[in-house]
There are 4 protein chains.
Amino acid sequence: MTGETQIRVRYAETDRMGLLHHANYLVYFEQARTDLLRGQGLTYKDMEDQGFFLVITNVEVKFKSPARYDDVLTIRTTVSRTTPVRIEHAYHVSCDGRAVAEGKTTLACVDRAGKLQALPQWFQDSRAAARSAS
Amino acid sequence: MTGETQIRVRYAETDRMGLLHHANYLVYFEQARTDLLRGQGLTYKDMEDQGFFLVITNVEVKFKSPARYDDVLTIRTTVSRTTPVRIEHAYHVSCDGRAVAEGKTTLACVDRAGKLQALPQWFQDSRAAARSAS
Amino acid sequence: MTGETQIRVRYAETDRMGLLHHANYLVYFEQARTDLLRGQGLTYKDMEDQGFFLVITNVEVKFKSPARYDDVLTIRTTVSRTTPVRIEHAYHVSCDGRAVAEGKTTLACVDRAGKLQALPQWFQDSRAAARSAS
Amino acid sequence: MTGETQIRVRYAETDRMGLLHHANYLVYFEQARTDLLRGQGLTYKDMEDQGFFLVITNVEVKFKSPARYDDVLTIRTTVSRTTPVRIEHAYHVSCDGRAVAEGKTTLACVDRAGKLQALPQWFQDSRAAARSAS
């Protein structure tokens, strides 16, 4: 349950210091974890269309070294923990082998009204299958 | 039907060139036109809650001189034309008297499914009242 | 002097209406035109490192139909006109063959101080070469 | 060394779920801490102009309850710790008395080349003055 995503830093995502603005790491993490899901044949869009919404409850990022315009970042994403209603991911961002950032997020599964609910069965099954295969 | 909004340029909105990234002008225009509406005692949020959505169909911006981090921009917004289903706004952005940008947008009123519909009656009435008052 | 870029709509780029927020089209156009340059073996980063900055002076967008989360958009970008100091691009955005938006931008070449200057000679040469090849 | 900033959630900052997208909290924190500085008669822009750059090395956010379009959020910001080269801030975000989020950031002072350096003396003095006044 680990995947890799590559993202090239856009001009609009840099700031006056010439660096990737730190808020965009959260956007990249989001893309990375949906790519990980997609790699398992699932899409987050389908989850939402079926009434399962993943909301973020916690995020931590340690910034190690700057990323710059046009850098191609590699984000290695791992599902570090799942419970029936929560998923934790860990992220490692690098650029040409240099560590750029590390992060962790916790997502909770809610319904359309924002009430906590169990993750869909097919999602839990796919996780169990991935675990037994590894 | 003219109003003024002041917006201070955020760090995250600048880019590597040290300037306000041009995509953010569209975000500022959006804030400016909702502020104009608010000044008439209406909110765009209420419109959406009642099932009236304003989608943008056209935008034009001329960039005159750069805006920088921490600049306080003044956006003068005017409703330049209304029809039963469309609203056109014109924007003039300045900083300490210096012209920064000019823009125009056209919004169309649609329902939740994206189908064109007439603007709400209370909205049309308020516009007529504003016109006769001016 | 036409190229194609594919961009998948990120969650963070959608808005409350469930659509790609219109300001992001300008970010996509920027990515599309730098990809076009890259396809010719040039990078905009190199241009800036050599002291040539392209600032936007004009943009127009017509929004035809909405783009949504996870849509993969195709942006066809064309250099529609060049002068010694300016470049005009035209953009056509589509999703599975459906027209989503059309846009035009004008960029001006300036130096580090923001003063208008001629585009670098190697850039002008590469454009001339591309024209004679087509 | 505590201050309050109010920020109204922009349309462009919401996402498909109808909520303030979580990446924007980092942008709001940044605005909040520069407002805090401004309240002491200092600006971050001046710091940068004098060659002192504050880069973020760590961020943590706990999301308590959602913020929505047009909500006016109150961000209470506190300098929780300073060293000669680092500043830690704590943030408490609320909306009409309801807790929305809590966060912490650590900033490091670097020079133009990204090398760690002591915070400017006038900055350290102002902090000492603020501490003795409280």
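Me: Two strands pair if DSSP finds at least two bridges between them. Which residue of β5(A) is the bridge partner of A:Ala90?

Reply: This is a predicted model in which local features need pLDDT of at least 70 and side-chain atom pairs count only at pLDDT 80 or more, while totals for chains, interfaces and linings use all residues. Residues are numbered from 1 along each chain as its sequence is written, and chains are lettered from A and ligands numbered from 1 in the order in which they are written. Strands β4 (residues 86-95) and β5 (residues 98-110) of chain A pair in the antiparallel sense over ten bridges; helices (H or I, at least four residues) and strands (E, at least two) are DSSP runs, numbered from the N terminus. In β5(A), the partner of A:Ala90 is A:Lys104.

Me: Which strands stand at the edges of the ten-stranded open sheet?

Reply: The order is β1(A)-β3(A)-β4(A)-β5(A)-β2(A)-β2(D)-β5(D)-β4(D)-β3(D)-β1(D), with antiparallel pairing. Two strands have a single partner each, so one side of each lacks a neighbour in the sheet. These edge strands are β1 (2-8) of chain A and β1 (2-8) of chain D.

Me: Which residue of β2(D) is the bridge partner of A:Lys62?

Reply: β2(A) and β2(D) pair in the antiparallel sense over five bridges. In β2(D), A:Lys62 has as its bridge partner D:Asn58.

Me: Which element gives the most to the side of chain A that touches chain D?

Reply: 17 residues of chain A are in contact (C-beta atoms, placed from the backbone, within 7 Å) with 17 residues of chain D. Both α1 (24-39) and β2 (53-63) of chain A supply at least two residues of this side. With nine residues, the element that gives the most is β2(A).

Definitions and conventions: Two residues are in contact if their C-beta atoms, placed from the backbone, lie within 7 Å.
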